[in-house]
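This report covers the ligand site and the pockets of the protein shown below.

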Amino acid sequence: MTLSIESRGVALVTGGGRGIGAATSRRLAADGWTVCLTYAKDERSAAAVVSDIQVGGGRARAVQADISDEAAVISAFAHADDLGSLTALVANAGIVGPVTRVDAMDARRVRKIFDVNVIGTILCCREAVIRMSRLRGGDGGSIVLISSAASRLGSPGEYVDYAASKGAVDTLGVGLAKEVAGEGIRVNVVRPGIIDTDIHASGGQSDRVQRLGPTLPLGRAGTADEVASAVRWFLADGTYCTGALLDVAGAR
Ligand code: NAP
């Protein structure tokens, strides 16, 4: 890993211990950000990402924080403050429930999905805006929300509640982008398609990537690194992009 000479400040990546968040954390650290990555339960994976980054000469810290817990979100951002000035938020942490139809869903399941994917994401955006907004004495910054192609496909027969939560994330990105554009903050949304990570197993479909990959227009699932590239582009290069929704979904 080659470190950029330029220091880009601190990036907080939620769910940075595994999957897309881990790839994004590595990518941003290699590009000069100091990364504060959060995880929910898997301390070992998060520590491994931090160790990889440090071995490569980068700076990173892992913080345990369930983003559906407001106090934990506040505490995670306070840890990020210890590392320097927050310039980037990648609101990546997200969950699916076990595959099921809407007519078999109960409120507890749906609340859990929305608590993490929507409320947790909004809380993280709040903490980022508080630090970045020029109206509040900040220096601006950039936020990327990780949504999903599910927001436009609807995920019938799999997890419509998850798809609906990602629809909310899309709307959050569009609205927040307009709200804070004049305060030096850009907000963009990346919508991955089927990406090869553990999330499919957590929904009870450990073969989803192998099964559906060959049926996709590009003939394969995407990689976490391919999503991380898009995130990095928005943060570092997409200086006239805000309120944008980018599909990284291989034409799915
Ligand atoms: P993953 O491999 O399952 O990793 C999820 C990460 O989120 C883990 O680091 C996990 O922490 C963390 N997390 C889960 N619940 C959390 C909570 N309540 N508070 C804080 N962190 C929490 O998932 P992924 O595939 O990389 O997905 C990342 C994002 O991409 C999600 O928003 C997902 O919806 C979106 N996405 C993924 C795909 C795909 O095909 N993979 C497609 C479209 C969108 P622990 O490691 O501690 O468990």
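## Ligand contacts

In this predicted model, a side-chain N or O atom of K166 lies 2.8 Å from an oxygen atom of the ligand. Taken alone, the ligand exposes 900 Å², and the protein buries 94% of that. R18 places a polar side-chain atom 2.8 Å from a ligand oxygen atom. For A40 it is a polar backbone atom that is 2.8 Å from an oxygen atom of the ligand.

## The shell around the ligand

There are 30 residues around the ligand, and those that come nearest are K41, D42, N92, Y162 and T197. By class, the shell holds 14 nonpolar, 10 polar and 6 charged residues. The helices α1 (19-30), α6 (160-180) and α7 (199-202) each supply at least two residues of this shell.

## The largest pocket

The ligand takes up space that is the largest pocket. This pocket has a volume of about 1,300 Å³. Its lining consists of 49 residues, with R18, A93, G94, I95 and I199 closest to the centre.

The lining of the largest pocket divides into 20 nonpolar, 18 polar and 11 charged residues. At least two lining residues come from each of α1, β2 (34-39), α4 (107-132), α6 and α7. The largest share, 5 residues, is supplied by α4.

## The second largest pocket

The second largest pocket contains about 190 Å³ of space. Of its 14 lining residues, R8, T87, G141, S142 and L235 lie nearest the centre. Strands β4 (86-91) and β5 (141-146) each supply at least two residues of this lining, which by class has 3 nonpolar, 6 polar and 5 charged residues.

Note on methods. Residues are numbered from 1 along each chain as its sequence is written. This is a predicted model: local features need pLDDT of at least 70, side-chain atom pairs count only at pLDDT 80 or more; totals for chains, interfaces and linings use all residues. Side-chain values use heavy atoms; hydrogens and water are left out. A residue is near a molecule or strand if one of its heavy atoms lies within 4 Å of it. A polar contact is a pair of N or O atoms within 3.5 Å; within protein, one must be able to donate a hydrogen and the other to accept it, and residues adjacent in sequence count only if both atoms are side-chain atoms. Accessible areas come from the Shrake-Rupley method with a 1.4 Å probe; for residues, only the protein chains shown count as cover. On a 1 Å grid over the protein atoms alone, a cavity is a set of points where a 1.4 Å probe fits but cannot get out, and a pocket is an open set with protein on both sides within 12 Å along at least five of seven lines; lining residues have an atom within 4 Å of a point. A molecule sits in a cavity or pocket if more than half of its atoms lie within 2 Å of its grid points. Helices (H or I, at least four residues) and strands (E, at least two) are DSSP runs, numbered from the N terminus. Ala, Val, Leu, Ile, Met, Phe, Trp, Tyr, Cys and Pro count as nonpolar, Asp, Glu, Lys and Arg as charged, and the others, Gly among them, as polar. Grid points are joined across faces, edges and corners, and a volume is the space filled by probe spheres set on the points.
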